[in-house]
Amino acid sequence: MGKIIAIANQKGGVGKTTTAVNLAASLGVLEKKVLLIDADPQANATSGLGIDVETVEYGTYQLLEHTISAKDAIISTDSPNLDLIPAHIDLVAIEIELVDKDQREYMMKQAISDLRDSYDYILIDCAPSLGLLTLNALTAADSVIIPIQCEYFALEGLGKLLNTIKSVQKIHNANLDIEGMLLTMYDSRLRLSNQVVEEVRKHFSDMVFDTIIQRNVRLSEAPSYGESIIKYDASSKGATNYLNLANEVVKKNKEIA
């Protein structure tokens, strides 16, 4: 049965979508069957995998509205073993439309429950907010990966996210676990980057992935070509980092199993 992992942090620009796309592609290369769900109205995960957002007919919006089945929203990508449920700007309206519905936090959980047996991993790329979309993702997920950038305000807002995770565990999803905290945008030349790594490891020790995602030009370029880093430049530092992360996730889940 597949594992559902949300990738969440309400701060923007911390590497959520970069992580969602490249971890999904890396798991696919490791011969795991992967589904990536784009739950961000900016639809960057969709365009980052080479899908023209304007041509998206069915996606996360229709999935949460329950107007189509999850299987009808799935499209295949050029990455091996990787499928996608795309997003479109219309997803921005979903928070307003769901607000007066019963069980509104469970819409995604209900919609994707049948997909578990078809995939090894289902990754959800969350919007940079703690709104209803992210709440739906956390309620549907087994665990959450929290990207933390190695910069000055890294820990700002993290308490708020951890409180949200606690309240989701209490009210909606008792089994929600933290898969790990992922340090991103690391630059070994900067003293600040090293301080952030030290600080995060000191506070959260075992909850932090061993893998650190380093700043890498090729990693920044890949989305503009609609490709994962694995496809764009498999020999780059960014590709190595994400393959290491994928191996760490697989190993961790084998040990749990």
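Glu 31 counts as exposed, at 68% relative accessibility (exposed is over 50% relative accessible area, buried is under 20%, and partly exposed is in between, using a 1.4 Å probe and protein chains only). Glu 31 sits in the loop between α1 (16-29) and β2; helices (H or I, at least four residues) and strands (E, at least two) are DSSP runs, numbered from the N terminus. Its phi is near 65°, a positive value in a residue other than glycine. Asn 81 also has a positive phi, near 60°, and isn't a glycine either. You'll find Asn 81 in the loop between β3 and β4 (82-85), where it is partly exposed with a relative accessible area of 34%.

A quick word on the ground rules. This is a predicted model, so local features need pLDDT of at least 70 and side-chain atom pairs count only at pLDDT 80 or more, while totals for chains, interfaces and linings use all residues. Residues are numbered from 1 along each chain as its sequence is written, and side-chain values use heavy atoms, with hydrogens and water left out.

## The sheet

The model has an open sheet of eight strands, in the order β3-β4-β2-β5-β1-β6-β7-β8, with mixed pairing; two strands pair if DSSP finds at least two bridges between them. At the edges stand β3 (75-76) and β8 (208-214), each with a single partner strand, so one side of each has no neighbour in the sheet. Helix α9 (residues 191-204) packs on this sheet, touching β6 (143-149), β7 (177-186) and β8. Its direction makes about 170° with that of β7; axes are lines fitted to C-alpha atoms, for helices over the stretch in contact, and angles run from 0 to 180 degrees between N-to-C directions.

Now for β5 and its partners. Strand β2 (residues 34-39) pairs with strand β5 (residues 121-126) in the parallel sense over six bridges, and Ile 37 has Ile 124 as its bridge partner in β5. Strand β1 also runs parallel to β5, with five bridges joining the two; here Ile 7 stands opposite Asp 125.

## Covered elements

How many of the residues of β5 are buried? Six of its six, so the strand counts as mostly covered under the 20% cut-off. Tyr 121, Leu 123 and Asp 125 point one way from β5, and Ile 122, Ile 124 and Cys 126 point the other way.

Helix α7 (residues 132-140) is mostly covered too, with nine of its nine residues buried. Among them are Leu 132, Leu 133, Leu 135 and Leu 138, together with Asn 136 and the threonines Thr 134 and Thr 139.

## Lys 3

Lys 3 lies in strand β1 (residues 3-7). With a relative accessible area of 16%, Lys 3 is buried. Its side chain makes a polar contact of 2.7 Å with the side chain of Asn 253. A polar contact is a pair of N or O atoms within 3.5 Å; within protein, one must be able to donate a hydrogen and the other to accept it, and residues adjacent in sequence count only if both atoms are side-chain atoms.

Leaving aside neighbours within four places in sequence, the contacts of Lys 3 (heavy atoms within 4.5 Å) are Arg 116, Asp 120, Tyr 121, Ile 122, Asp 142, Ser 143, Glu 179 and Asn 253.

## Aromatic pairs and cysteines

There are two aromatic pairs. Rings of Phe, Tyr and Trp (its six-membered ring) pair if their centres lie within 6.5 Å; planes under 30 degrees apart count as stacked, over 60 as edge-to-face and the rest as tilted. Tyr 152 and Phe 153 are edge-to-face, at 4.9 Å centre to centre with 70° between the planes. Tyr 152 is exposed at 64%, and Phe 153 is partly exposed at 46%. The other pair is Tyr 225 with Tyr 232, whose ring centres are 5.0 Å apart with planes at 25°, so that one is stacked. Tyr 225 is exposed, at 53%, whereas Tyr 232 counts as buried, at 18%.

As for disulfides (a pair of cysteine sulfur atoms within 2.5 Å), the count is zero. Cys 126 is buried at 1% relative accessibility, and Cys 150 is buried at 2%.
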